[in-house]
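Student: I am new to this structure and would like to learn how its features get their names. Could we look at it together?

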Amino acid sequence: MRNFRKLISEYSSISGKAFGAGSGAARVFSVSLYGPDNSELYIRSTPFNENGPYTFTGLPNGKYVLRVGTRGDIGIGPHPSTRTVTCSGEAIKNVNFELK
């Protein structure tokens, strides 16, 4: 019989939100995910929803880079625009991006 506890711990999730003075425009920004253990290997993107949060689930353990692009046409950008996190079988929360 499989050890389901071990199986579950081999995957992680990353979540966070947009906040700050520009967070009202969060829905026009997306978070792009790269990795694991390769900051140039694009996995997928997800937009911030209208309230600012985002989530990536089902991620194998490893080091990931999250990037939010800038939008010069609206004069709002992310600070920082890049975050790095290491997943090790648990939920990584509060990987937030300030929009200003």
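Student: Where is the place of F19?

Tutor: F19 is found in strand β1. Strands (E, at least two residues) and helices (H or I, at least four) are DSSP runs, numbered from the N terminus. Before we go on, please note that this is a predicted model, where local features need pLDDT of at least 70 and side-chain atom pairs count only at pLDDT 80 or more, while totals for chains, interfaces and linings use all residues. Residues are numbered from 1 along each chain as its sequence is written, and side-chain values use heavy atoms, with hydrogens and water left out.

Student: Thanks! How many helices and strands does the protein chain have?

Tutor: The protein chain has 1 helix and 9 strands, in the order α-β-β-β-β-β-β-β-β-β along the sequence. The C-alpha trace spans about 55 × 25 × 15 Å along its principal axes.

Student: Why is F19 called partly exposed?

Tutor: Buried means under 20% relative accessible area and exposed means over 50%, with partly exposed in between (1.4 Å probe, protein chains only). F19 has a relative accessible area of 36%, so F19 is partly exposed.

Student: And what does F19 touch?

Tutor: Leaving out residues up to four places away in sequence, F19 touches N96, F97, E98 and L99. Contact here means heavy atoms within 4.5 Å. The C-alpha atoms of F19 and F97 are separated by 6.5 Å, although these residues are 78 residues apart along the chain.

Student: S13 also interests me: what makes S13 count as buried or exposed?

Tutor: The relative accessible area of S13 is 18%, so S13 is buried. S13 is found in strand β1 (residues 11–19). With residues up to four places away not counted, S13 touches F56, T57, E90, A91 and I92.

Student: Now the rings. How many aromatic pairs are there?

Tutor: The count comes to 5 aromatic pairs. The rule takes rings of Phe, Tyr and Trp (its six-membered ring) whose centres lie within 6.5 Å; planes under 30 degrees apart count as stacked, over 60 as edge-to-face and the rest as tilted.

Student: What kind of pair do the rings of Y34 and Y42 make, and why?

Tutor: Their centres are 5.7 Å apart and their planes stand at 70°, so this pair is edge-to-face. Y34 is buried, at a relative accessible area of 16%, whereas Y42 is partly exposed at 46% relative accessibility.

Student: Why is the pair of Y54 and F97 called tilted?

Tutor: The angle between the planes is 50°, with 6.4 Å centre to centre. Y54 lies in strand β4 (residues 53–60) and F97 in strand β9 (residues 97–99), so the pair ties together parts that are 43 residues apart in sequence. Y54 is buried at 3% relative accessibility, and F97 is buried at 0%. Ring pairs also link F48, Y54, F56 and F97 into a cluster.

Student: Let us go back to Y34. Which residues stand opposite Y34?

Tutor: Y34 stands opposite Y42 in β3 and opposite V65 in β5. Strand β2 (residues 30–34) and strand β3 (residues 42–47) pair in the antiparallel sense over 5 bridges. β2 and strand β5 (residues 62–68) pair in the antiparallel sense over 4 bridges. Two strands pair if DSSP finds at least two bridges between them.

Student: What makes β2 mostly covered?

Tutor: In β2, 4 of its 5 residues are buried.

Student: How do you know that the charged end of R67 sits over the ring of Y34?

Tutor: The charged end of R67 is 4.3 Å from the centre of that ring. A charge sits over a ring if NZ of Lys or CZ of Arg is within 6 Å of the ring centre and within 35 degrees of the ring normal.

Student: Why do E40 and R67 count as a salt bridge?

Tutor: A salt bridge is a side-chain nitrogen of Lys or Arg within 4 Å of a carboxyl oxygen of Asp or Glu. The side chains of E40 and R67 meet at 3.8 Å, N to O. A search of the whole structure finds 1 salt bridge. E40 lies in the loop between β2 and β3 and R67 in strand β5, so this pair ties together parts that are 27 residues apart in sequence.
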